[in-house]
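Welcome! Take a moment to look over the model below, and then we will walk through a few of its parts together.

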Amino acid sequence: MASNLNRLSRFNLASLALGLAFLYLPIVILVIYSFNASRLVTVWGGWSLRWYTEFFNDRAMLDAAWMSCRVALASATLATLLGTLAAVGLSRGERFKGRMLFSGMLYAPLVMPEIITGLSLLLLFVALNAERGFWTVTFAHTTLTICFVAVVVQSRLGALDRSLEEAAMDLGCSPARAFAAVTLPLIVPAIAAGWMLALTLSLDDLVIASFTTGPGSETLPIRIYSEVRLGVKPEINAICTLVIGLIAMVIVVASFASKLSSTRGESAAPL
Amino acid sequence: MAEQLSQPDPQPVAESATPEPVTVAADPPLLRIDGVVKTFGAVRAVDRLSLDIGAGEFFALLGPSGCGKTTLLRMLAGFETPDQGRILLDGKDIAQMLPHQRPVNMMFQNYALFPHLSVRDNIAFGLKRARMPGSEIAARVAEMVALVRLEGLEKRKPDQLSGGQRQRVALARSLARRPRVLLLDEPLAALDKKLRESTQAELMELQRRLGMTFIVVTHDQDEAMTMADHIGVMDQGRLEQVATPRQLYEAPRSRWVAEFVGDVNLFEGEPRPDEAGRIAVATRDAGTIFAAEPPDTLTKTKVCVAVRPEKVKLSRRGPALDAGHAHAVNRLEGVVTEVSYLGGLTVYKVKLDSGAVLRSSMANTARLETEAYSVAQRVVAWFAPDDCVVLEQ
Amino acid sequence: MSARRIFARPARFAAIAPYLWMVLFFLVPFGFVLKISLSQTVIAQPPYSPVFDLSEGFAAIRAALAALSLDNFRLLVSDDLYVLSYLRSLVVAAVSTSILLVIGYPIAYGMARLPRRWQSVAMVLVIVPFWTSFLIRIYAWINILQHDGLLNRILLALHLVSAPVVWLSTDSAMYLGIVYSYLPFMVLPLYATLAKMEPALEEAASDLGASPRLVFWLVTFPLSLPGVAAGILLCFIPIVGEFVIPDLLAGSDSLMIGQTLWLEFFTNKDWPVASAAAVLLLVLLLVPLLFYERLQRRQLEGGR
């Protein structure tokens, strides 16, 4: 970059550092306080794992966490399947009837206020007379996260060199075989990243789950929310830290996957 | 020029009066393209194109970008289906077949190597689809690896190879199935200049050794001239001329071909018959130019005389002429306006007295300047009637 | 037929399942929302009437259709509670989006100026909080902002204030929470456009005599407008419907429409009014939503 344009650099760096500090400081503070021995959340009483043991003895909280994990795994898997199919249809299907409607429906939940999605799904489940619980939340989360998977996979498919598929066909593959032998292996990292994104979104969701769940099947965010409304409790700090740790692990895996995905495919072009 | 090219139907067959006989297709031809049309929206990418290509031939499709040559190649591979016309391979129409059903393989311009597969698996890819037994696949892959000299690199992934190595993997992969015809889309475009020259030679050697039919698409005329037995020059979806490299250069069929292939001086004028099988063209810019061998289709009143720069000689006083051969050469006078020294040859621009500019290129056969001309010097430019080609406007 | 068309048929076939899914779980539910928004509240299960029952025959459905009315919408536009909720939502979304743009742009610009290698690191660092639970991030702020929280203790220790300041249940806390939660949504699209920009363009502008400030305003900023638009839409639309952040951080004297809707639904059990509120909210967001949809499609299909 031209040296005279570097004059902005110090300002750039400062804003970047401040921005990142703003993003991370509250989380770091939360994590630190989760190890606080004192019952008073803001008084430092030395390091302790007390609140973690408290959490592991809290039956309701553990049930909610287990419910959240099951919902997240089921809905992420379903959403990945459907989202990948949708991405393939949109990026390889060319023009077809209802394409506008399809992509509109698919991508609207990306920005649609969750409260509307949640309400509309609940009304559907009521009309269908479905028993609310694990499956209704799972289907609701699937609907919410399909679009995220589709975005990730579709952008990968769009960046893929189309002549790879042509080359596979030229070498004797039917279109379906060409997809299985060449396209699919190249988009697997994107599919994995989409799955993990869906997983964390499902673990995170409060609003839609609140609408679509039934009595006796609370998810972790619903449980945390009702506790938080009553005030800060050190036990919540511990749970949040555990969730952050879990998600951090998922992110590390996901970033490895996306690194793999970005170095393949396009780099085959010689120029 | 565009008007001139959209004349009703220039049947693109090589049959003009030319120094060499044209033997484009053996009988019956391996590949016959018959009246093929391909339209994209309002654009006719390929327009009623017919062409025969014989077995064992190295054929080049040459043309500017957007002329339809790549579309034609992709129709041969099966990636596009013609709107009209037939593509006969060994007498069988393959125009509607899907790519994987055709005994034709293609080497892609960007190579399209599968990034997730090793060199070996890339080469074996097509063989596995053909359900070849494992031992045969291994043998064939080894043969191909040896053929393109990639020994020791079988386990590498494409992104661990150099540009030249990738090109050879792509070649091996498309050759592995022993296709009836190998299609090469700009096979050397991605290589740097030095590598391109050596690879040209390798491709030619390989084609001769395998006796396979190669059809190469290129926009680089040097590449086409060097490698191909026959060249089809395309413009706006049509074949302008199909000929050997030499014919294409020395006996272009149209003004467009003359201008597209190599450098050329053109003079427009009106023809009138002259004695001894010659033709005299009265031009505005260069007086009367004599040319040999009038084309049999000389019916138009407007023609164009083409002469290549290296056929134009310069001297201070002009050639010594016998009295009886006053008309043996075309003789023009002018002033040198530009001298471009290019190493092997020097290109002069001579402004004729009529104001027109004539280009002459002279080989620098001696190290020391013996016959050099400088700017503003008055010179005589001359060329033989045999070196002129009369083209219809 | 071309190579792409050869692939198109099986690809369209693949889209059938997600298509049907989205029709069932996205389109049809909106039909229900619309229908219930036109119904009356009753104390029953389900708590609205009329209820369509196909088994009761055509006449019953006609009667049910006749019972639909726009009463709920009339209530929404005449009752101050709802009108103020909508207004507050729009104001909060507009203000927060502006703050986000002002804060997010320098961050994105800083990222785009980093050496290539560090850019991807910075991007991961910005994305990570987005992957961390939304609720947890708000909770982290409650920790800091509460009466005897870290912020007040620091301010007291520095003698900047003499008594603890009330942070929680104020609009400042809500704005802080919104900006904090949505910052990645603003930064990432901005960064994406800024990083794609040809550095030679800025160099050319400065070569032609523009000062760094002018280079930014005449070249960099205009070229980043698609990213600005994406960032604004990506933040504005969901913030209008936001529920959790105002519920946990803002006071209860004025509500955003998301809170009002929640209240009607869960506390008052007035499903028809809640549905009508949702319909109206959607109508309100239709223009930005369509705009966003176009942007999204152009971005995903631009590379083809």
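Which residue in β17(B) does B:Tyr341 stand opposite? The residue facing B:Tyr341 is B:Thr346. Please keep in mind throughout that this is a predicted model.

**The sheet in chain B**

That pair of residues belongs to an open sheet of five strands in chain B, where the pairing is antiparallel. Going across the sheet, the order is β15-β19-β16-β17-β18. At the edges lie β15 (313-315) and β18 (357-363) of chain B, each of which pairs on one side only. From one strand to the next, the twist averages 45°.

| Strand pair | Sense | Bridges |
|---|---|---|
| β16(B) and β17(B) | antiparallel | seven bridges |
| β16(B) and β19(B) | antiparallel | six bridges |
| β15(B) and β19(B) | antiparallel | three bridges |

To find these strands in the view, look for residues 330-341 of chain B for β16 and residues 345-352 of chain B for β17. Strand β19 covers residues 378-383 of chain B. Two residues of β19(B) make handy landmarks: B:Trp382 is the bridge partner of B:Lys313, while B:Arg378 is the bridge partner of B:Val335.

**A helix in chain A**

Now turn to helix α3 of chain A, which runs over residues 59-92. Its 34 residues should span 50 Å at 1.5 Å a residue, and the C-alpha atoms at its ends are 49 Å apart, so the two values agree. Just after α3(A) comes A:Glu94, which takes a positive phi of about 55°.

Chain C has 14 helices and two strands. Its radius of gyration is 25 Å, well over the 19 Å that the globule rule gives for 304 residues, so chain C is more spread out than a compact globule. Taken along the principal axes, the C-alpha atoms of chain C fill a box of roughly 80 × 75 × 30 Å. Among the 304 residues of chain C, 44% count as buried. Of the contacts in chain C with a separation of 6 or more, 72% come from residues 24 or more positions apart.

Key: Residues numbered from 1 in each chain as written. Chains lettered and ligands numbered in written order. Predicted model: local features only at pLDDT ≥ 70, side-chain atom pairs only at ≥ 80, totals over all residues. Helix = DSSP H or I, 4+ residues; strand = E, 2+ residues; numbered from the N terminus. Rg over C-alpha atoms; globule rule 2.2 N^0.38 Å. Buried ≥ 20, exposed ≤ 12 C-beta atoms within 10 Å, placed from the backbone. Contact = placed C-beta atoms within 7 Å. Expected span 1.5 Å × (residues − 1). Pairing = 2+ DSSP bridges. Axes fitted to C-alpha atoms, helices over the stretch in contact; angles between N-to-C directions.
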